[in-house]
Amino acid sequence: MSHAPYEVHEVSVAARKVAGVRAQVRRGRVAQEFGRHLDQVYAAARTGALKLDGQNIFIYRAASTDELTVDFCVGTTASFDPIGAVLPLETPSGVAAMVTHHGEYGRLGEANAAILAWCDANNRKRAGPSWEVYGHWHADPAELRTEVYYLLQPG
């Protein structure tokens with residue numbers, strides 16, 4: 001269950017190194033598509049060519065009416081060279097609007113809506129990418145924790 005209303009924070013974020021696979025995904029299909037992309041990252045790690053910290057991160061780079069450009073990533077502990085479709089990437093850096101979502105992933109839209117409403121209410125413009133940092137998996141949805149970020153334009 002989600003805790004509403006969300007408390008949106010303006011935070012300074014540093015770039016974080018991640019290993020990811022960039023994909024074009026139809027809107028509404030991220031939940032069905034992420035596994036096959038993250039599987040490639042975890043398979044590359046099993047070769048020993050990169051070291052992961054185990055935290056999944058989805059970076060939404062662009063969107064059209066029908067499709068999203070998403071980097072399906074896992075945090076890394078060191079730099080690495082590309083391995084097939086698995087690329088060394090980074091999360092955005094700068095000032096971001098952020099909320100913490102507690103509960104089912106299917107309700108993450110509520111967290112996103114809270115940030116968008118906060119941006120409108122505070123006259124803050126988004127700078128493009130948004131991203132989700134997933135906490136450790138729990139079978140009990142009430143224990144799930146996801147941080148949602150939207151990069152903001154300066155000012």
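A polar contact is taken here as a pair of N or O atoms within 3.5 Å, where within protein one must be able to donate a hydrogen and the other to accept it, and where residues adjacent in sequence count only if both atoms are side-chain atoms. The structure is a predicted model, in which local features need pLDDT of at least 70 and side-chain atom pairs count only at pLDDT 80 or more, while totals for chains, interfaces and linings use all residues. Residues are numbered from 1 along each chain as its sequence is written, and side-chain values use heavy atoms, with hydrogens and water left out.

The pLDDT, which is the predictor's confidence in each residue on a scale from 0 to 100, averages 93 over the protein chain, and 97% of the residues score at least 70. Helices (DSSP runs of H or I, at least four residues) and strands (runs of E, at least two) are numbered from the N terminus. Among these elements of the protein chain, the lowest mean pLDDT, 94, belongs to β3, and the highest, 98, to β5.

The side chain of T91 reaches the backbone nitrogen of R16 at 2.9 Å. With residues up to four places away in sequence not counted, T91 touches A14, A15, R16, V18, I57, I59 and W131, a contact being defined by heavy atoms within 4.5 Å.

The interior was examined in terms of nonpolar cores, each being a set of buried Ala, Val, Leu, Ile, Met, Phe, Trp, Tyr and Cys residues joined through side-chain atoms within 4.5 Å. In soluble globular proteins, nonpolar side chains tend to be buried together. The largest nonpolar core holds 32 residues, of which F58, F72 and I115 touch the most other members. At least two residues of this core are supplied by each of β2 (17-26), α1 (30-46), β3 (52-63), β4 (67-76), β6 (94-102), α2 (108-121) and β8 (145-152), and the largest share, 6 residues, comes from α2. Another core, of 12 residues, lies apart from this one and includes I57, I59, A96 and Y149. When neighbours within four places in sequence are left aside, F58 is in contact with V30, F34, L38, V70, D71, F72, S130, W131, E132 and Y134.

Helix α1 has 17 residues and reaches 24 Å from its first C-alpha to its last, close to the 24 Å expected at 1.5 Å a residue, where the expected span is 1.5 Å times one less than the number of residues in the helix. Its buried residues are V30, E33, H37, L38, V41, A44 and A45, and what covers the buried residues of α1 includes β2, β3 and β4. Just after α1, G48 takes a positive phi of about 90 degrees. A positive phi, near 50 degrees, is also found at N123, a residue other than glycine, which is placed in the loop between α2 and β7 (126-134) and is exposed, with a relative accessible area of 60%.

E147, in strand β8, is buried, with a relative accessible area of 17%, and a polar contact of 3.3 Å joins its side chain to that of R145. Apart from neighbours within four places in sequence, E147 is in contact with M98, V99, T100, W131, E132 and V133; the C-alpha atoms of E147 and M98 are separated by 6.9 Å, although the two residues are 49 residues apart along the chain. V95, in strand β6, counts as partly exposed at 31% relative accessibility, and the residues that V95 touches, not counting those up to four places away in sequence, are E10, V11, S12, Y150, L151 and L152. A62, in strand β3, is likewise partly exposed, at 41% relative accessibility, and, with the same exclusion of residues up to four places away in sequence, touches E67, L68 and T69.

The structure holds 0 disulfides, a disulfide being a pair of cysteine sulfur atoms within 2.5 Å. As for individual cysteines, C73 is buried, with a relative accessible area of 0%, and C119 is buried, with a relative accessible area of 3%.

Conventions. Buried < 20%, exposed > 50% of the residue type's maximum accessible area, 1.4 Å probe, protein only.
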